[in-house]
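Hello,

Here is the structure I promised to hand over. Please open it first, then read my notes below.

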Amino acid sequence: MMYRIMLACAGGMSTSLLATSMRKAGDEMGIEMTVAAMPVGNVAAVREDIDILLIGPQVRYQIEQVKKIYQELPVTVQVIDSLDYGRMLGEKVLKQALETYKLERGRD
């Protein structure tokens, strides 16, 4: 399965570093995926093009607005753990995102 993951933060800059770490972890784990980063204000533009949307902890206050944008779509939306984000732990963030996605979709 190919996972399409988008990271969103205030400006898209800090999440681009985490996206790089997640890509490296995904490659090492043999996971087929794309990971991109963008400002949270642009999330509506990618509604149909992603499976997982991860929100940076600095914009967690916008989570309910973002969930409304995606409420009719099968997109997993969650806030990235602030410690994992600050430490740029791409592997841990990726594993958590995929676990939540699989639980929500009833997949192994």
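Which residues are exposed on the other side of α2? They are Glu 64, Gln 65 and Lys 68. Exposed means over 50% relative accessible area, buried under 20%, and partly exposed in between, with a 1.4 Å probe and protein chains only.

First, the ground rules. This is a predicted model, in which local features need pLDDT of at least 70 and side-chain atom pairs count only at pLDDT 80 or more, while totals for chains, interfaces and linings use all residues. Residues are numbered from 1 along each chain as its sequence is written, and side-chain values use heavy atoms, with hydrogens and water left out.

**Overall fold**

The chain has four helices and four strands. Their order from the N terminus is β-α-β-β-α-β-α-α. Helices (H or I, at least four residues) and strands (E, at least two) are DSSP runs, numbered from the N terminus.

The C-alpha trace spans about 35 × 30 × 20 Å along its principal axes.

Of the 108 residues, 44% are buried. Among contacts with a separation of 6 or more, 70% join residues 24 or more positions apart. Contact means heavy atoms within 4.5 Å.

The accessible surface is about 6000 Å². Carbon and sulfur atoms hold 51% of that surface. Areas come from the Shrake-Rupley method with a 1.4 Å probe; for residues, only the protein chains shown count as cover.

There are 13 positive and 14 negative charges, and their mean positions are 3 Å apart. Lys and Arg count as positive, Asp and Glu as negative; His and the chain ends are not counted. Each charge is placed at NZ of Lys, CZ of Arg, CG of Asp or CD of Glu.

**Helix α2**

Back to α2, which covers residues 63-70. Its buried residues are Ile 63, Val 66 and Tyr 70. They lie on the same side of α2, because they cover an arc of only 65° around the axis. The arc is that of the directions from the helix axis to the C-beta atoms.

**Buried residues in the strands**

The contact lists from here on leave out residues up to four places away in sequence.

Ile 5 sits in strand β1, residues 3-9. Its relative accessibility is 2%, so Ile 5 counts as buried. Ile 5 touches Met 22, Met 33, Thr 34, Val 35, Ala 36, Ile 52, Leu 54 and Leu 94. Ile 5 and Val 75 are 70 residues apart in sequence, yet 9.7 Å apart C-alpha to C-alpha.

Gln 78 belongs to strand β4. Gln 78 is buried too, with a relative accessible area of 11%. The contacts of Gln 78 are Leu 53, Leu 54, Ile 55, Ile 63, Gln 96, Ala 97 and Thr 100.

**Helix α4**

Ala 97 is in helix α4, residues 90-105. Ala 97 counts as buried at 0% relative accessibility. Ala 97 touches Ile 52, Leu 54 and Gln 78.

Val 93 is also in α4. With a relative accessible area of 3%, Val 93 is buried. Val 93 touches Leu 18, Met 22, Leu 54, Ile 80 and Asp 84.

**One backbone angle to check by eye**

Where is Met 88 found? Met 88 is in the loop between α3 (82-86) and α4. Met 88 is not a glycine, yet has a positive phi of about 55°. Most residues other than glycine have a negative phi. Met 88 is partly exposed, at 25% relative accessible area. Met 88 touches Ser 14, Leu 17, Leu 18 and Ser 21.

Best wishes
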